[in-house]
Amino acid sequence: MPIRDDLRNVAIVAHVDHGKTTLVDAMLWQSGAFRANQDVAERVMDSTDLEREKGITILAKNTAVRHGGITINIIDTPGHADFGGEVERGLHMVDGVLLLVDASEGPLPQTRFVLRKALSARLPVVLVVNKIDRPDARVAEVLDEVYELFLDLDADESQIDFPIVYCNARAGQASLSADVPGADLEPLFDVLREHIPAPSYTEGAPLQALVTNLAASSYVGRLAICRVHAGEIRAGQAVERCRADATIAGSVRAAGPAPVRSVLAADRRCRSIAAASIRACSTAALPASPQ
């Protein structure tokens, strides 16, 4: 099958407060997503009032960074066990996961939950040991705990052979050695490029886009966030909404995200404007070939 070598789709998963959203902030800054003099709130992905008040991620959110000619689509997932459904749906949109672990606290209960889901989906894992600047960091012990967790979850030999990146997300630094401080996040970007597989697709196939999450806009109403598995979808294009039993549930119209006018197979930047009855796990397809 052909692949989209210009894309990498990755989810960042971890226990609550281990630094996922802070790392996404640093990746956005260093990829040039913001102007040098732009006023950007800390933890820009935590966009709701409740998330900012509590300081945690509640809803999974997606963004994209451009680096070295490759678009890295990133899903920032919640770290609290109460929002595990957001994590599970997000894993259907990606081809690999970035597992974040605090250098002091090590793997905690939600770490086990999200890792089990990633391993069962056969997704490759990149381990990021974050907060290595903490005075109580215990990097070697935490690595041993992570390996033990993989063994407890019955990971096979190929899954245990994962790359490790050591990070200080707040400072925007990454390194391949715990003893050598990094200058920026280049080592992390390089590991993502090398170890997260490029997505594949069926050439010439009609449109198929799986709705994995929902969002809302005060201007256009309910939005369906989906990954395009085959074909191409364009802004303003009419598509059919298919149920799990292959019946047609009605027509919807594709949109955004600006300034993207079309999305090709294996990408997951598409949002479809739909009726209020749209649900996650629906499929969007062309009217001429709904499937």
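Reply: The sheet is open and consists of 7 strands in the order 2-3-1-4-5-6-7, with mixed pairing. Strands here are DSSP runs of E with at least two residues, helices are runs of H or I with at least four residues, and both are numbered from the N terminus; two strands pair if DSSP finds at least two bridges between them. Strand 2 (61-67) and strand 7 (173-175) stand at the edges with a single partner strand each, so one side of each has no neighbour in the sheet. Neighbouring strands are turned by 25° against each other on average, direction ignored. Axes are lines fitted to C-alpha atoms, for helices over the stretch in contact, and angles run from 0 to 180 degrees between N-to-C directions.

This is a predicted model, in which local features need pLDDT of at least 70 and side-chain atom pairs count only at pLDDT 80 or more, whereas totals for chains, interfaces and linings use all residues. Residues are numbered from 1 along each chain as its sequence is written, and side-chain values use heavy atoms, with hydrogens and water left out.

Within the sheet, strand 4 (residues 96-102) and strand 5 (residues 125-130) run parallel and are joined by 6 bridges. L100 stands opposite V128 in strand 5. Helix 7 (residues 186-195) packs on the sheet and touches strand 1 (7-14), strand 2, strand 3 (70-76), strand 4, strand 5, strand 6 (164-168) and strand 7, contact meaning heavy atoms within 4.5 Å. The direction of helix 7 makes about 100° with that of strand 2.

Helix 4 (residues 109-120) and helix 5 pack at an angle of about 50°, with their axes 10 Å apart. Helix 4 is therefore oblique to helix 5, given that angles under 35 degrees count as roughly parallel, over 145 as roughly antiparallel, 65 to 115 as roughly perpendicular and the rest as oblique. T111, R112, L115 and L119 of helix 4 make the contact with L149, F150 and D152 of helix 5.

F150 also belongs to an aromatic cluster with Y147 and F162. The whole structure holds 2 aromatic pairs, counted where ring centres of Phe, Tyr and Trp (its six-membered ring) lie within 6.5 Å; planes under 30 degrees apart are stacked, over 60 edge-to-face and the rest tilted. Y147 and F162 form a stacked pair, 5.1 Å centre to centre with 25° between the planes. This pair links distant parts of the chain, 15 residues apart: Y147 lies in helix 5 (residues 139-152), F162 in the loop between helix 6 (157-160) and strand 6. Y147 is partly exposed, at 30% relative accessible area, and F162 is buried, at 6%; buried means under 20%, exposed over 50% and partly exposed in between (1.4 Å probe, protein chains only).
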